[in-house]
Amino acid sequence: MQLHISPSFRHVKVLPRKGVTEFIKVKVGSRMLSYRMVIYSLLFLTFLLRFIFVLGAVNTIDGQTKCSSLGCLGKRLGPRILGQNLHSQIPEVIYQVLEEPPSLDEIKREDEIPQSIDEFVAEMKKDGVSDAKTFAVKLKAMVTLLEQRTRTAKIQEYLYRHVASSGIPKQLHCLSLQLANEHAMNANARLQLPSPELVPALVDNSFFHFVLASDNILAASVVANSLIHNSLYPEKVVLHIITDRKTYSPMQAWFSLHPVTPAIIEVRGLHHFDWLTKGKIPVLEAMEKDQKVRSRFRGGSFAIVAIKTEKPYVIASKLQALSPKYNSLMNHIRIYLPELFPSLVKVVFLDDDIVVQTDLSALWDIDMNGKVNGAVETCGGGDSFVMSKRLKSYLNFSHPLISQNFDPDECAWAYGMNIFDLETWRRTDISKTYDYWLEQNLKSDLSLWQLGTLPPGLIAFHGHVKIIDAFWHMLGLGYQDNTSIADAKSAGVIHFNGRAKPWLDIAFPQLRKLWTKYVNSTDKLIQSCHIRT
């Protein structure tokens, strides 16, 4: 075999092999390259081929491109690497084979298809393949098989994460049961929160008022501990915790037995708000309809993963829509903050999957400029996944109700850590707008958006948002693990939004440490329930 490389290194010609022992000659202009350099060049080409196969498979599986794996090689990488159009170098028959659906003659049993590059090369040598079509057919069969396996593996991963994130870990269930027992048996676990002399502070606007809606006791404790620990004025902090009926007694027991003095804690159940009844709150009726529509059109997690034509990322989003939190009143409650706290002027609303790492009293110094919602924008960060969200990421712009009223390229913003000017809010119709669009989404069989409370929030607060500095809210710690510890530690609030919650076994270990540092590992209840810190 003889390789001829042009002086510009752009053209490589493989001449017919004359003998097994023939010396390999490489001609570059008038100079001769050593045998060792030829070997290095071949090794590099082998590495490049491996890289191309992986890149091509990932691009095709994730649905990011509309070209085939090898087509992407020629159309995307080829011109950049080789400096020319590969269509002039690669026989057209290869593209034809790759783009055509497989024929009956090409379909083989899985055990007859090469499982790796090494097996493919060995089979080519063994069969003495010399024509491009046979080469392309065998190559296509191998890539197709690997893509199918990759797709199956990704879908299984999404399904397992869905199951792991939707259930209640036995450690948290244990903690709730232990605290319910304490509430029943121990008078110290039934203290009035706050104590009578501190009740006036609950409506005193000279304090810093924070609101947390959660049915997760351990998560709520971390939010409280991190908030108070990092506050410069803990004696001026009031944390209002709202929970559901089943969690109220255990939540009260936890904060009765674990006071966060000098801060003030209030624990209230949804059942304590007289106006919060089914007949008066449209979101409750919407939640019931939402659940029925989802069960009728989604068919459950196993029905979703059985769909062979969907891309894995589409299946992942449908699985996420089945999460119980998306049909929980705790997730909608923030839209009724003006009614929940009629005497307060300004509050900061915190999700229960956040960790506070700095003093948040400076949020009260931000000039809201007549806006209602102070939030971090999610379309301008360096993270191309978490911080690349626009309205089109959440709303269905193929529906005329959406396309006629909103700009798809408008930046989105984040829930999780928000400043709400309740005084200004009461002069708007934000809550009514929220209820209206919930109803429209139900009438359209959930075709305006599919999951979460952020899409209707983006609509209801449209034009009422004050963008604040990204320092105050770092997102995505529950989606991906490529956030560096240094970057995470430099943020004011970190948010474990996503499936990998820090209290789950599927949490990212290096990021989980930022959360567990606020869990008291010496507490007897934590130890008895084997909660790992």
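Buried means under 20% relative accessible area, exposed means over 50%, and partly exposed lies in between (1.4 Å probe, protein chains only). This is a predicted model: local features need pLDDT of at least 70, side-chain atom pairs count only at pLDDT 80 or more, and totals for chains, interfaces and linings use all residues. Residues are numbered from 1 along each chain as its sequence is written, and side-chain values use heavy atoms, with hydrogens and water left out. A search of the whole structure finds 2 disulfides (pairs of cysteine sulfur atoms within 2.5 Å). Helices (H or I, at least four residues) and strands (E, at least two) are DSSP runs, numbered from the N terminus.

**Cys174 and Cys529**
- The sulfur atoms of this pair, Cys174 and Cys529, are 2.1 Å apart.
- The link of Cys174 and Cys529 is left-handed, with -75° about the S-S bond.
- Cys174 is partly exposed, at 22% relative accessibility.
- Cys529 is buried, at 3%.

**Cys379 and Cys411**
- The S to S distance between Cys379 and Cys411 is 1.6 Å.
- The torsion about the S-S bond of Cys379 and Cys411 is about 65°, so this disulfide is right-handed.
- Cys379 lies in the loop between strand E10 (373–376) and helix H14 (400–403), and Cys411 in the loop between H14 and strand E11 (417–421), so the pair ties together parts 32 residues apart in sequence.
- Cys379 counts as buried, at 15% relative accessibility.
- Cys411 counts as partly exposed, at 22%.
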